[in-house]
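Please look over the sequence and the fold before reading on.

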Amino acid sequence: GMLATARATAPEIEWRQANAEGLPFDDDTFDVALCSLGLQFFADQGRALQEMGRVVRPGVRVGVATVGPTPPAFRELRDVLSEHLGDHVAGFIDAVFRLDDPARLDELMSTAGLEQVATSRREIHPTVDPPAEFFWQYVLGTPLAEHLTNLDDGRRSALERAVVERWQRFTVDGQLVLDTGLVLGTAEAPGTS
C-alpha cells in the first residue's frame with residue numbers, strides 16, 4: 001500500500017521493494033541513502049546499515065531517523081492494547097520506540113563501517129488530530145491494523161473509548177500533543193569521493 005501511494009505521488013521515481021538487510025543493488029550505485037523510521041524494526045540493524053553503506057558511492061551521505069523515547073500517550077496506548085488485545089499486540093509500540101538512544105545508533109553506524117558518524121536527539125512536540133481520529137489513523141496505518149479490523153463493533157468501540165479517555169490529558173484545544181524525540185544519525189560511506 002505504501003508503494004502504491006508513493007508511485008501515485010511521485011511517478012517519476014522508480015519505487016522498488018527490497019529487503020533492507022540484502023539490497024538487490026550493485027555496490028557504489030546511489031548518491032544518498034536514507035532510512036526514516038524503519039531501522040528500529042529490522043532484525044539485523046547492523047546488516048541493514050552495512051547495506052546502505054555498500055550501495056552508495058564512497059564518501060556520500062547516509063542518514064537515519066528513529067523516534068523515542070516512548071511518548072507518554074503511547075505508553076498509555078500500549079497499556080490499553082495490552083488490556084484489550086494482549087501483550088503480543090501491544091509489543092508493537094515497544095518496537096516503534098526501541099532505538100531511541102543516540103549513543104546506540106552511533107555504535108550501530110560505526111560498527112557497520114560507516115565513517116564520520118554524528119548522532120543527536122531533537123525533542124519534538126507534534127500536534128495531531130483529536131484522539132479518536134488519530135487513534136484510528138495510527139493503528140490502521142501500521143501492522144496493528146490486522147489485530148483491530150477483525151474486532152466486532154463492541155470491542156472496537158470499547159478500545160477506542162479506553163484510548164480516548166487516557167489520551168484526554170495529552171490534548172490541547174481538542175488536539176492530541178505528542179512529546180517525544182527524533183534520533184538522527186548521519187554518516188559517510190567508507191572510502192573517498
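What follows describes strands and their pairing, and then aromatic rings.

This is a predicted model, in which local features need pLDDT of at least 70 and side-chain atom pairs count only at pLDDT 80 or more, while totals for chains, interfaces and linings use all residues. Residues are numbered from 1 along each chain as its sequence is written, and side-chain values use heavy atoms, with hydrogens and water left out.

**Strands**

Helices (H or I, at least four residues) and strands (E, at least two) are DSSP runs, numbered from the N terminus, and two strands are said to pair if DSSP finds at least two bridges between them. Strand β2, residues 61–67, has six of its seven residues buried, so the rest of the structure largely encloses it; buried here means under 20% relative accessible area, exposed means over 50%, and partly exposed lies in between (1.4 Å probe, protein chains only). The chain reaches β2 from β1 by way of helix α2 (residues 45–55), in a β-α-β crossover that is right-handed, a term for a path from the first strand over the helix to the second that runs clockwise with the strands pointing away from the viewer.

| Partner of β2 | Sense and bridges | Residues opposite each other |
|---|---|---|
| β1 (residues 33–36) | parallel, four bridges | Ser36 and Ala65 |

Elsewhere, three strands form an open sheet in the order β4-β6-β5, with antiparallel pairing. Its edge strands are β4 (127–128) and β5 (171–172), each of which pairs on one side only. Two bridges join β5 to β6 (residues 175–177), and Val172 has Gln175 in β6 as its bridge partner.

**Aromatic rings**

Rings of Phe, Tyr and Trp (its six-membered ring) pair if their centres lie within 6.5 Å, and planes under 30 degrees apart count as stacked, over 60 as edge-to-face and the rest as tilted. By this rule there are ten aromatic pairs. In one of them, Phe25 and Phe30 have ring centres 5.1 Å apart and planes at 90 degrees, so the pair is edge-to-face. Phe25 is partly exposed at 21% relative accessibility, and Phe30 is partly exposed at 31%.

Phe135 and Trp136 also form an edge-to-face pair, because their centres lie 4.7 Å apart and their planes are at 65 degrees. Arg156 lies over the face of Trp136, 4.5 Å from the ring centre, where a charge counts as over a ring if NZ of Lys or CZ of Arg is within 6 Å of the ring centre and within 35 degrees of the ring normal.
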